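Thanks for coming. I will take one structure today and go through it piece by piece. Please have the viewer open.

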Amino acid sequence: MAYSDKARSQYQEILGGLSEKGLFKEERYIHSMQGVEIEVEFPVGKGVKPAPVLNFCANNYLGLSSHPDVVAAAHEGLGDRGYGMSSVRFICGTQDIHRTLENKLTSFLETEDTVLFPSCMDANAGLFEAVLTPDDVMLSDRLVHASIVDGMKLCSAKYDTFKHSDMKHLERKLQEFQTARQRMIITDGVFSMDGDTAKLDEICELADKYDAMVMVDDSHASGFIGKRGKGTHEACGVLGRIDVITTTLGKALGGASGGCVSGRKEMVEMCRQKARPYLFSNSVAPVIVAGANKVLDLISASTERRDKLEWNTNYWREGLTKAGLDLKAGNTPIVPVMLYNAKLAQDVARDLFYEGIYVIGFFFPVVANGAARIRTQLSAAHDKHHLDKALEAFTKIGDKYGILGLKKDEIIAKYGM
Amino acid sequence: MAMEEMITQYVKDEYLEDDDDAPGLDDPLISSGIVDSFSMVSLKTFLENKYDIKIPDDKATPEAFDTVRKIMALVREYRPEAQ
């Protein structure tokens with residue numbers, strides 16, 4: 001038998017090691033549509049009745065994942081255009097609605113052109129190798145998403161990294177690589193674990209000074225950051241100055257799946273011609289394209305949902321701060337409650353679940369060692385009473401663990417790192 | 001400047017914040033998360049340029065770069081006279 005006992009025991013040993021280190025990821029089963037009020041089974045498979053909880057850990061920033069208009073548009077797309085394409089885009093997998101969605105994204109993001117990918121993970125995996133050569137260099141912020149790291153590894157260009165949002169360090173690197181054919185500065189727009197925003201205005205200044213292109217992954221920003229929700233480039237006043245943006249349809253923009261590369265038309269065309277995840281995987285399914293087209297219509301017509309999200313974010317941050325919890329500074333709907341100790345983060349998340357609040361503890365290696373936290377995420381679908389209930393729960397559990405009013409050093413002194 | 005001092009200073013400047021202490025000779029850099037394995041490329045380039053050596057990719061492992069002492073040993077594989 002090819003799958004020998006030896007092979008099986010090797011895998012079992014690895015998986016056992018993950019459990020021993022507390023790194024084994026366990027899924028919870030949701031028995032409802034994605035939203036704020038959901039039914040969650042946890043632990044799973046033990047006959048536990050799904051519990052009603054408030055969701056504070058989804059990327060459902062605009063609350064569109066189960067929005068009736070989006071669901072209706074998806075139903076219509078399913079009826080009109082079918083379930084799947086059974087093809088990649090360039091053979092027989094492009095419907096008119098794919099190009100419509102690409103055009104809507106171009107218009108919304110204020111770029112020159114857009115190409116859809118099966119996911120933003122795929123967009124990041126395919127982009128760099130499609131547009132760069134071994135004579136070029138990629139300079140990436142150290143906290144970019146894992147998919148960018150993977151994409152850079154798949155690219156033959158040289159690479160280096162700069163300290164997180166450290167413009168002096170970036171400038172030194174740009175000076176160091178002035179002889180390269182092209183330089184590309186690579187960053188997230190909003191960083192997913194800390195919720196802080198890239199200094200795109202300063203990055204664009206450096207890019208101009210040192211003749212570099214700028215690439216931004218705006219997955220945690222598209223649809224709601226900036227006064228019209230266009231993204232980090234709008235918030236930083238650099239619309240039209242970002243050469244290439246990658247983003248996802250799997251978060252604020254409907255939450256299903258799919259992603260895109262949007263930017264300079266030649267770079268987008270290079271992706272269409274050369275990016276392997278685009279060339280060798282199926283088209284985004286018509287049902288998703290139809291839903292996403294409706295999402296773009298909704299967010300282009302009104303900023304009501306991103307405005308509510310902004311209000312929710314401010315109310316939530318103020319409430320947690322008043323309660324005495326230690327937050328990462330920022331102004332995005334990603335609000336990390338810092339606990340520093342991995343076990344404490346897991347204990348607090350578990351207790352909050354039993355209070356009806358669904359959050360997850362994050363710890364090394366997902367975040368830096370000694371920087372464990374609960375990452376809370378706001379949604380436009382949260383109403384004030386949801387936030388008030390969650391603030392009450394955080395206050396109760398924070399008090400149970402004696403961390404209210406404590407700063408970083410005091411929490412570490414009490415629980416260790 | 002002696003190799004230990006030079007590497008320690010580079011790691012501090014390149015990877016740590018201004019108010020952080022410099023790493024000790026045996027302090028873990030990568031397994032502790034101070035240096036992530038993707039960012040260690042700049043350390044590899046620095047060593048190659050400084051000591052005029054070429055460290056093969058299969059030797060530039062997270063384990064080989066995990067402490068200042070191990071990094072010094074790696075450099076000496078290719079430049080035994082380095083102090």
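Start in the loop between S13 and S14 of chain A, which is where Pro365(A) sits. The model is a predicted one, so keep that in mind throughout. The peptide bond between Phe364(A) and Pro365(A) is cis, with omega about 10 degrees. There is another cis bond between Phe42(A) and Pro43(A), where omega is about -5 degrees. Pro43(A) belongs to the loop between S2 and strand S3 (51–55) of chain A.

How many of the 6 residues of strand S14 are buried? The count is 6 of the 6, over residues 372–377, so the strand is largely enclosed by the rest of the structure. Ala372(A), Ile374(A) and Thr376(A) point one way, while Arg373(A), Arg375(A) and Gln377(A) point the other way.

What pairs with S14(A)? Strand S11 of chain A, residues 334–340, runs antiparallel to S14(A) and is joined to it by 6 bridges. Within that pairing, Ile334(A) has Gln377(A) as its bridge partner. Strand S13, residues 361–362 of chain A, is also antiparallel to S14(A), over 2 bridges. There, Phe362(A) is partnered with Arg373(A).

A separate item is the open sheet of 4 strands in chain A, in the order S1-S2-S3-S12, with mixed pairing. Its edges are S1 (29–30) and S12 (357–358), each of which pairs on one side only. S1(A) and S2(A), residues 37–41, are antiparallel and joined by 2 bridges. Ile30(A) finds its bridge partner in Val40(A).

Next, two helices of chain A. H13 covers residues 304–323, has 20 residues, and spans 28 Å from first C-alpha to last, close to the 28 Å expected at 1.5 Å a residue. Which of its residues are buried? They are Arg305(A), Arg306(A), Leu309(A), Glu310(A), Asn312(A), Thr313(A), Trp316(A) and Leu320(A). These cover an arc of only 165 degrees around the axis, which puts them on the same side of H13(A). The face turned away from the buried side carries Glu304(A), Asn314(A), Glu318(A) and Lys322(A), which are exposed. Among the elements covering the buried residues of H13(A) are helix H12 (286–301), S11 and helix H15 (384–400) of chain A. After H13(A) comes Gly324(A), with a positive phi near 100 degrees.

Leu200(A), Ile203(A), Cys204(A), Leu206(A) and Ala207(A) are buried. Down the axis of H8(A), the buried residues fall within an arc of 160 degrees, so they line one face of the helix. Asp208(A) and Lys209(A) are exposed on the other side. The buried residues of H8(A) pack against H7 (167–176), S7 (183–188), S8 (212–217) and H9 (232–235) of chain A. Just past H8(A), Asp211(A) has a positive phi of about 55 degrees.

The largest nonpolar core has 123 residues, and Met138(A), Ile185(A), Val214(A), Ala345(A) and Ala372(A) touch the most other members. H12(A) gives the most to this core, 9 residues. Apart from this core lies another of 12 residues, including Ile7(B), Met40(B), Phe65(B) and Ile71(B).

Last, two backbone entries to check. Ser86(A) has phi near 50 degrees, positive although the residue is not glycine, and lies in the loop between H2 (68–81) and H3 (89–93) of chain A. Ser86(A) counts as exposed, with 11 C-beta neighbours inside 10 Å. In chain B, Asp52(B) has a positive phi of about 50 degrees and is not a glycine either. Its loop joins H2 (41–51) and H3 (68–78) of chain B. Asp52(B) is exposed as well, with 9 other C-beta atoms within 10 Å.

Terms used. Residues numbered from 1 in each chain as written. Chains lettered and ligands numbered in written order. Predicted model: local features only at pLDDT ≥ 70, side-chain atom pairs only at ≥ 80, totals over all residues. Buried ≥ 20, exposed ≤ 12 C-beta atoms within 10 Å, placed from the backbone. Pairing = 2+ DSSP bridges. Arc of directions from axis to C-beta. Contact = placed C-beta atoms within 7 Å. Expected span 1.5 Å × (residues − 1). Core = buried A, V, L, I, M, F, W, Y, C linked by C-beta atoms within 7 Å.
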